[in-house]
Amino acid sequence: MYNNEAIMSQDVSHSLTTKKQLLLASVICILAAMFYMYEYTLQVSPAVMTNELMRDLGLNAASLGTMTAFYYYSYTPMQLPAGLLFDRFGPRRLITLAILICALGAFLFGITPNAVMASFGRFLMGIGSSFSFIGALLLVSRWFPPQYFALLTGLVQLMSSVGAIAGQVPLVTAINHWGWRSTVISLAIVGCLLALLVWTVVRDSPEAVSKGHKFQSPPKKGELKRLQQVCSNKQTWLIALYSFSIWAPVTAFAALWGIPFLVASYGLTTEAASEASAMIWLGIGLGSPIAGWFSDKINSRSKPLSFSALLGVISLTIIIYCPVLPLFWLYFILFIFGLAASGQSLAFGVVKDNNTSCVVGTAIGFNNMAVVAGGALFQPLIGVLLYVNWKGTMHNGTPFYGIVDYQKALFVLPLCYIIAFFVSCFLLRETYCRPQYSNETASAI
């Protein structure tokens, strides 16, 4: 979906000839990554306020899971349209507008009197957030040479982990001091400030800057043909299946049900559980750039992907079904769980390997749609499974879910990693970190 002119490596290489240009490229991509960090804070924030939301909005586990999943109901289907819109209008305008939509959703969520408005607020957050990751990778591909793509994708994922950690440990403190409503409204104000900063600094491409243009030129080729090419590639679907399977446990566990599970199963306070859950995001943040670097080092994509899936099976099974770990070992296993999920970041390197430069943006959007689909499916599914297995115990007016309830509901998550392991071992084509299409093929499209 990106313009050939904007993506081709020779053009980008010539763009970074001075320190000033390199600094501008770095600042632009950092701001785009900050949006990704911001949307992750919004995405995972309900995990530290589950009791408050159930109490103030009159929810049970099933309705809470459904309400929070409205984020993914808009985020997931918006991935392909977001990619097409980026190609048409460029990142500066779209990222600015997307941040403002996120901020509006956060504001409505913060003032909501009922679950309906809260769901609509989450829905708006999902629409805005759907532009964050694609926008960041688009700017990385335009402003830096292609050999840095896997590593920089990992660094962008690191920013999302910082946002997720900010959405848990510091957010618990803020909620304890000011309440969940004031805290979420403050996040809306932060979004408005970030949107202003993005509009002021970000530029669409090095070519636009060199020509003195404020925005990129519109594309000449039809996006639907590019989408058809991506969908006709068998590897597109296999990579998407792997990405869905490797990330679904994160969206279900780390982004919502993990903290209440740790409270019920390990006897932790909400604050302590949020600190423990932050180890997952720390593992993802550190593991994502390392996975990209290691994959390039050993000249293989399939081996690191399979190893990540295997780590996920082992670590998540221990966390769920062996709740007798000392606190240190719980932290360690949660960190390993995060390392396992970093295979999701590397999968985008496989996407780039398996698609020509002129459709790689569409392919990234398609793959990211599969990544976030896990939240839309598993957050409410686990809520329903908890509700079905609930024994009717109440605590301070809200349903109490015990360790056995969670163990019965969370069994689907290790299964995801088993599927990811099978796909990466037996179905994905090894690319050896090289493009699978020649320049001639790309130019013919």
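**Figure 1. Asp 353 is a buried residue, with a relative accessible area of 6%.** Here, buried means under 20% relative accessible area, exposed means over 50%, and partly exposed lies in between, as computed with a 1.4 Å probe on protein chains only. The structure is a predicted model, in which local features need pLDDT of at least 70 and side-chain atom pairs count only at pLDDT 80 or more, while totals for chains, interfaces and linings use all residues. Residues are numbered from 1 along each chain as its sequence is written, and side-chain values use heavy atoms, with hydrogens and water left out. The side chain of Asp 353 meets that of Arg 301 in a salt bridge, at 2.9 Å from N to O. This pair links distant parts of the chain, 52 residues apart: Arg 301 is in the loop between α15 and α16 (302-321), and Asp 353 is in helix α18 (residues 343-353). A salt bridge is a side-chain nitrogen of Lys or Arg within 4 Å of a carboxyl oxygen of Asp or Glu. Helices are DSSP runs of H or I with at least four residues, strands are runs of E with at least two, and both are numbered from the N terminus.

Figure 2. Between Asp 296 and Arg 301, the closest N and O atoms of the salt bridge are 3.3 Å apart. Arg 301 is buried, with a relative accessible area of 5%, whereas Asp 296 is partly exposed at 36%.

**Figure 3. Arg 55 and Asp 56 form a salt bridge through their side chains.** The N to O distance is 2.9 Å. Arg 55 is exposed, with a relative accessible area of 52%, and Asp 56 is partly exposed, with 34%. A search of the whole structure finds three salt bridges.

**Figure 4. Helices α9 (residues 132-143) and α10 (residues 149-166) cross at roughly 145°.** Their axes come within 10 Å; axes are lines fitted to C-alpha atoms, for helices over the stretch in contact, and angles run from 0 to 180 degrees between N-to-C directions. The crossing is right-handed: a crossing is left-handed if the near helix is turned anticlockwise from the far one by less than a right angle, and right-handed if clockwise. Phe 133, Ala 136, Leu 137, Val 140 and Ser 141 in α9 are in contact with Phe 149, Leu 152, Thr 153, Val 156 and Gln 157 in α10, where contact means heavy atoms within 4.5 Å. By class, this contact has seven nonpolar, three polar and no charged residues. Ala, Val, Leu, Ile, Met, Phe, Trp, Tyr, Cys and Pro count as nonpolar, Asp, Glu, Lys and Arg as charged, and the others, Gly among them, as polar.

**Figure 5. Leu 64 is located in helix α5 (residues 61-75).** Leu 64 is buried, at 0% relative accessibility. Apart from neighbours within four places in sequence, Leu 64 has contacts with Thr 50, Leu 53, Met 54, Leu 59 and Trp 257. From C-alpha to C-alpha, Leu 64 and Val 384 are 9.7 Å apart in space, although 320 residues separate them in sequence.

**Figure 6. Ser 274 belongs to helix α15 (residues 270-298).** Ser 274 is buried, its relative accessible area being 1%. Not counting residues up to four places away in sequence, Ser 274 touches Val 48, Gln 168, Val 169, Val 172 and Ile 259.
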